[in-house]
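Trainee: Before we discuss this chain, could we look at it together and go through it question by question?

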Amino acid sequence: VFMTLLDSKADKENGDPEVRSKDVESLLEARKLKETGNKLFNSNEYEGAVAKYSEVYEQLRPHLDWRGDFDDPCLQFEAAIQRSESKSGDKFVSTLTAAQKNECGDLQATVFLNMAVCYNKLKDYVEASEHAQKSVDLRPTIKGFYRLGHALKKLGDFNNAAANYEEAIKLDESDPNGIRAELNQIYILREEAALGDLKEIDAGGDEFAQFVQMATNKGVIRKK
């Protein structure tokens with residue numbers, strides 16, 4: 001009875017109960033899609049898992065405060081819907097409660113991170129970095145920054161990889177996941193890459209001096 005009273009009050013506050021019911025169904029469907037994606041991932045079916053995880057966004061996007069990149073096909077589709085709604089004078093408004101909208105954000109951030117892991121398994125590090133970035137844009141987490149850093153490391157972007165590993169450590173200075181050890185490896189890789197570039201530059205020319213100054217300013221080369 002208590003739960004019924006709460007739902008009834010929410011229906012009055014949020015408008016049409018039928019619309020609210022459909023919005024809740026979208027959240028429930030998103031949960032199911034995530035679980036299906038997880039099962040596919042655990043079966044090493046990474047492409048299938050990505051496909052299922054992608055469907056989660058279709059269910060949750062109207063309820064997220066964050067809507068993704070402007071070149072996102074889902075966002076373009078939604079923009080077309082909104083233009084159509086504006087002509088009819090209607091405007092979509094999520095009827096989910098604040099707690100439910102927060103769950104949508106948590107769920108979508110997790111799914112983006114899961115997709116990053118899938119793409120990492122598929123060795124598609126560009127997609128892995130993009131989805132990890134979307135995850136931390138929604139919910140800055142240790143796992144999100146770590147996954148973003150890892151993908152960037154694979155792409156050879158050691159500066160940004162290090163920056164994201166550092167952000168992960170900031171969230172928990174005790175570093176229970178041992179991220180600092182990997183960060184130190186990235187520092188070494190970054191310096192080795194810088195030294196490799198130095199070999200291609202005339203050590204006696206102005207270009208060399210400019211490169212050394214730039215590398216020092218960026219922390220690639222440490223002053224002794």
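This is a predicted model: local features need pLDDT of at least 70, side-chain atom pairs count only at pLDDT 80 or more; totals for chains, interfaces and linings use all residues.

Trainee: Where is Lys123 found, and what is its phi?

Mentor: Lys123 is found in the loop between α5 and α6, the latter covering residues 125–138. Although Lys123 is not a glycine, its phi is positive, at about 65 degrees.

Trainee: Is Asn44 buried or exposed?

Mentor: Asn44 lies in the loop between α2 and α3, and although it is not a glycine, it has a positive phi of about 65 degrees. Its relative accessible area is 53%, and because the cut-off for that class is over 50%, Asn44 is exposed.

Trainee: How many helices and how many strands does the chain have?

Mentor: Read along the sequence, the chain follows the pattern α-α-α-α-α-α-α-α-α-α. The count is therefore 10 helices and 0 strands.

Trainee: What percentage of the contacts between residues at least 6 apart in sequence join residues at least 24 apart?

Mentor: As background, the chain has 224 residues, of which 38% count as buried, and it exposes about 13,500 Å², with carbon and sulfur atoms supplying 51% of that area. For the contacts you ask about, the value is 53%.

Trainee: How many aromatic pairs are there in the whole structure, and how is the pair of Tyr57 and Phe112 classed?

Mentor: A search of the whole structure finds 3 aromatic pairs. In the pair of Tyr57 and Phe112, the ring centres are 6.1 Å apart and the planes stand at 50 degrees, so this pair is classed as tilted.

Trainee: Which helices hold Tyr57 and Phe112?

Mentor: The pair ties together parts that are 55 residues apart in sequence, because Tyr57 lies in helix α3 (residues 46–60) and Phe112 in helix α5. Both Tyr57 and Phe112 are buried, and the helices you asked for are α3 and α5.

Trainee: How far apart are the ring centres of Tyr146 and Tyr165?

Mentor: Tyr146 and Tyr165 also form a tilted pair, because their planes stand at 35 degrees and their ring centres are 5.3 Å apart. Tyr146 is in helix α7 and Tyr165 in helix α8 (residues 158–171), so that the pair links distant parts of the chain, 19 residues apart. Tyr165 is buried, with a relative accessible area of 0%, and the distance between the ring centres is 5.3 Å.

Trainee: Which residues is Gln108 in contact with, leaving aside its neighbours within four places in sequence?

Mentor: Gln108 is found in helix α5, and at 0% relative accessibility it counts as buried. With those neighbours left aside, its contacts are Val56, Tyr57, Leu60, Leu64 and Leu138.

Trainee: Which residues does Gln59 touch, not counting residues up to four places away in sequence?

Mentor: Gln59 is found in helix α3 and is partly exposed, with a relative accessible area of 24%. Its C-alpha is 9.6 Å from that of Arg31, which is 28 residues away in sequence. The residues that Gln59 touches are Ser26, Glu29, Ala30 and Leu33.

Trainee: Which residues lie nearest the centre of the second largest pocket?

Mentor: About 290 Å³ of space lies in this pocket, and its lining takes at least two residues from each of α2, α5, α7 and α9. The lining divides into 7 nonpolar, 5 polar and 4 charged residues. Of the 16 lining residues, those nearest the centre are Leu113, Asn114, Val117, Lys143 and Arg147.

Methods
Residues are numbered from 1 along each chain as its sequence is written. Side-chain values use heavy atoms; hydrogens and water are left out. On a 1 Å grid over the protein atoms alone, a cavity is a set of points where a 1.4 Å probe fits but cannot get out, and a pocket is an open set with protein on both sides within 12 Å along at least five of seven lines; lining residues have an atom within 4 Å of a point. Grid points are joined across faces, edges and corners, and a volume is the space filled by probe spheres set on the points. Helices (H or I, at least four residues) and strands (E, at least two) are DSSP runs, numbered from the N terminus. Ala, Val, Leu, Ile, Met, Phe, Trp, Tyr, Cys and Pro count as nonpolar, Asp, Glu, Lys and Arg as charged, and the others, Gly among them, as polar. Rings of Phe, Tyr and Trp (its six-membered ring) pair if their centres lie within 6.5 Å; planes under 30 degrees apart count as stacked, over 60 as edge-to-face and the rest as tilted. Buried means under 20% relative accessible area, exposed over 50%, partly exposed in between (1.4 Å probe, protein chains only). Contact means heavy atoms within 4.5 Å. Accessible areas come from the Shrake-Rupley method with a 1.4 Å probe; for residues, only the protein chains shown count as cover.
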